[in-house]
Amino acid sequence: MNQRETGSKYEAIAADYLLQNGYGIRERNFHSRYGEIDIIAGKEDLLVACEVKYRSGGRCGDALEAVDLRKQKKICQTMLYYFARHGISEDTPCRFDVIAISGEGPVRHIKNAFEFRG
C-alpha cells in the first residue's frame, strides 16, 4: 500500500470510530490554500476538526508528535476558511482533536488536543 492508500484506510477507521461515538461526518479531506483537515465532524452544536495520524511502529515517534505547532496553525486557518465558505457563524463552538492510531493498537481520540492558533 502506498502512503495515500494507507492514509485513506486509517482515516476511514477514524471516521467509523467517530460515527460509533455519536458524531456526524460533515466533510472528509477538506482542502483550502492553507492546508487540509482530515475529518470535520459534528456532535450536537459542536464542530470538530480531526487530524488523523497513523504510525506503524515507534521508530518515527508517537502519532501525536506529528501534530506540531506548524500543522496546528494550518488546521486552524483551514477551519476558518471552512466557516467562511459554509456561512457558519464564528460563534459556533469548535474543537480541535487528534485521532491517533499506532500499529494495530486501539484508536486514541484526544479531544481538544490543541487550542486555536491564528
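Colleague: A residue counts as buried under 20% relative accessible area, as exposed over 50%, and as partly exposed in between. Which of these does Lys71 count as?

Modeller: This is a predicted model. In it Lys71 has 23% relative accessibility, so Lys71 counts as partly exposed.

Colleague: Where does Lys71 lie?

Modeller: Lys71 is part of helix 2.

Colleague: And what does Lys71 touch, not counting residues up to four places away in sequence?

Modeller: Glu36, Glu51 and Ala66. One of these, Glu51, is 20 residues from Lys71 along the chain, and the two C-alpha atoms are separated by 9.5 Å.

Colleague: Let's step back. How many helices and strands does the protein chain have?

Modeller: The chain has two helices and five strands. Read from the N terminus, the order is α-β-β-β-α-β-β.

Colleague: What are the spans of the C-alpha trace?

Modeller: Along the principal axes of the chain, the trace spans about 40 × 30 × 25 Å.

Colleague: What radius of gyration does the chain have, and what would a compact globule have?

Modeller: The chain has 14 Å. For 118 residues a compact globule would come near 13 Å, so the two values agree.

Colleague: How many of the residues count as buried?

Modeller: Of the 118 residues, 37% are buried. As for the accessible surface, the total is about 7,000 Å², and carbon and sulfur atoms make up 45% of that.

Colleague: What share of the contacts comes from residues 24 or more positions apart?

Modeller: Such pairs give 52% of the contacts, taking those with a separation of 6 or more.

Colleague: New topic, the nonpolar core. Which residues of the largest one touch the most other members?

Modeller: Met79, Tyr82, Phe96 and Phe114 do, in a core of 15 residues. At least two core residues come from each of strand 2 (36-43), strand 3 (46-55), helix 2 (69-85) and strand 4 (94-102).

Colleague: Which element gives the largest share of this core?

Modeller: Helix 2 does, with five residues. There is also a second, separate core of 11 residues, and among them are Ala15, Leu18, Ala41 and Val48.

Colleague: Back to Phe114. Which residues is Phe114 in contact with, leaving aside neighbours within four places in sequence?

Modeller: Phe114 contacts Val67, Gln72, Ile75, Cys76, Phe96 and Val98.

Colleague: Where is Asp68 found?

Modeller: Asp68 belongs to the loop between strand 3 and helix 2. Its relative accessibility is 40%, so Asp68 is partly exposed.

Colleague: What about His31, buried or exposed?

Modeller: His31 is exposed, because its relative accessibility is 52% and the class starts over 50%. His31 belongs to strand 1 (residues 24-31).

Colleague: Where does Lys43 lie, and which residues is Lys43 in contact with?

Modeller: Lys43 is in strand 2. Leaving aside neighbours within four places in sequence, Lys43 contacts Asn21, Gly22 and Tyr23. Tyr23 is 20 residues from Lys43 along the chain, and their C-alpha atoms are separated by 4.9 Å. Lys43 has a relative accessible area of 30%, so Lys43 is partly exposed.

Colleague: Now the backbone. What is phi of Asn29?

Modeller: Phi of Asn29 is near 55 degrees, which is positive in a residue other than glycine. Asn29 sits in strand 1 and is partly exposed, with a relative accessible area of 30%.

Colleague: And what is phi of Asn112?

Modeller: Asn112, not a glycine, has a positive phi of about 55 degrees. Asn112 is in the segment after strand 5 (107-110). With a relative accessible area of 40%, Asn112 is partly exposed.

Colleague: Last one: how many positive and negative side chains does the chain have?

Modeller: There are 18 positive and 17 negative side chains, and the centres of the two sets lie 4 Å apart.

Note on methods: Residues numbered from 1 in each chain as written. Predicted model: local features only at pLDDT ≥ 70, side-chain atom pairs only at ≥ 80, totals over all residues. Heavy atoms only, no water. Helix = DSSP H or I, 4+ residues; strand = E, 2+ residues; numbered from the N terminus. Rg over C-alpha atoms; globule rule 2.2 N^0.38 Å. Buried < 20%, exposed > 50% of the residue type's maximum accessible area, 1.4 Å probe, protein only. Contact = heavy atoms within 4.5 Å. Areas by Shrake-Rupley, 256 points an atom, 1.4 Å probe, with all protein chains shown as cover. Lys, Arg positive; Asp, Glu negative; His and termini not counted. Charge placed at Lys NZ, Arg CZ, Asp CG, Glu CD. Core = buried A, V, L, I, M, F, W, Y, C linked by side-chain atoms within 4.5 Å.
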